[in-house]
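Colleague: Mind if we go through this model together? I have a few things I'd like to ask.

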Amino acid sequence: MDLGISGKRAIVCASSKGLGLGCARALAEAGVDLVMNARGADALRASAADIRDSFGVDVVEFVGDITDEGARAELLSTCADPDILVTNAGGPPPGLWSDWSREDFLKALDANMLTPIALMTAILPQMIDKGWGRVVNITSQSVKSPIPVLGLSNAARAGLTGYVAGTARQVAPQGVIINNLLPGIHDTDRADALDKGVAAEKGITQDQARANRASTIPARRYGTPAEFGATCAFMCSQHAGFMVGQNILLDGGAVNATL
Ligand code: NAP
């Protein structure tokens, strides 16, 4: 399917690895020029080079912490007028409800709620002026079904989801389409780190921890960044213009719900 977005420009946050990289690759395959971002320069350089070689699109690398206000301003000065924005950042650490201080909550809110909101606030006006824009926020299945050890994530992402529900409907009349993409368990460094934590806590191997988690998913496997990226690219495409303020769950059936 031709996604109809060849020649557009996208900012893909937190995209040197994992789900962000999956989104960057799929957009590049559709002919979209990219600004890719991460804190670590080496992995970002390697991923950007691979995308340039594979798809022949322009890729600007921006090294910086997307949760930092100054870094965001610098990023926007390198690409002030994107057609597509994919927001993403690292997820908060696991723990117990009684572990977290106000500071921990503020950090999680900053990364997984206030950063995507700040990026949208900065970029939506230009999209509205052009009469076209696509925003995909990478959130989590925890929005639909809480993950008890990820209370910080549950809280911050619920806030972003509420914001998007209202804002998406305010900007849709001007051709700007905002949706959220909710990953279930995907095969990335983040999933490995969570498996490692469970293995250490339960005294089992990481492979056993992974097999245990995979067995809870009806698809009986972890999702791939490529599958995730393809869904993201569709949500950024011309064909997604009637999809407004939705929360698209990609979880192999893990959330046991009718709707
Ligand atoms: P990942 O494999 O750890 O990759 C994270 C990527 O984001 C890396 O490129 C990392 O590069 C970059 N990054 C992290 N923090 C950043 C920051 N503050 N500023 C700029 N770049 C940053 O993680 P993932 O699995 O793709 O997860 C992406 C998001 O989806 C996370 O919020 C995660 O909680 C959520 N999620 C993931 C899963 C899953 O199963 N994988 C499930 C549900 C939700 P640097 O470290 O070099 O900055």
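Colleague: How do the residues of the lining of the largest cavity divide into nonpolar, polar and charged?

Modeller: Bear in mind that this is a predicted model. The lining is made up of T87, N88, A89, A111, N112, T115, P116, I138, R157 and L160. Sorted by type, they come out as five nonpolar, four polar and one charged.

Colleague: Which helix gives the largest share of that lining?

Modeller: Two helices each put in at least two residues, namely helix 4 (102–130) and helix 5 (151–171). With four residues, the largest share comes from helix 4.

Colleague: How much space lies in the largest cavity?

Modeller: Counting cavities of 30 Å³ or more, there is one. The space inside the largest cavity is about 60 Å³.

Colleague: Why is the chain said to be as compact as a globular protein of its length?

Modeller: The chain has eight helices and seven strands. For 259 residues the globule rule gives 18 Å, and the chain is as compact as a globular protein of that length because its radius of gyration is close to that, at 18 Å. As for the box filled by the C-alpha atoms along the principal axes, that is roughly 55 × 40 × 40 Å.

Colleague: What percentage of the residues count as buried?

Modeller: Buried here means under 20% relative accessible area. The chain exposes about 12,000 Å², with carbon and sulfur atoms supplying 54% of that area. Out of 259 residues, the buried share is 46%.

Methods:
Residues numbered from 1 in each chain as written. Predicted model: local features only at pLDDT ≥ 70, side-chain atom pairs only at ≥ 80, totals over all residues. Heavy atoms only, no water. 1 Å grid on protein atoms, 1.4 Å probe; cavity = no way out; pocket = protein on both sides within 12 Å on 5 of 7 lines; lining within 4 Å. Points joined across faces, edges and corners; volume = space filled by probe spheres on them. Nonpolar A, V, L, I, M, F, W, Y, C, P; charged D, E, K, R; others polar. Rg over C-alpha atoms; globule rule 2.2 N^0.38 Å. Buried < 20%, exposed > 50% of the residue type's maximum accessible area, 1.4 Å probe, protein only. Areas by Shrake-Rupley, 256 points an atom, 1.4 Å probe, with all protein chains shown as cover.
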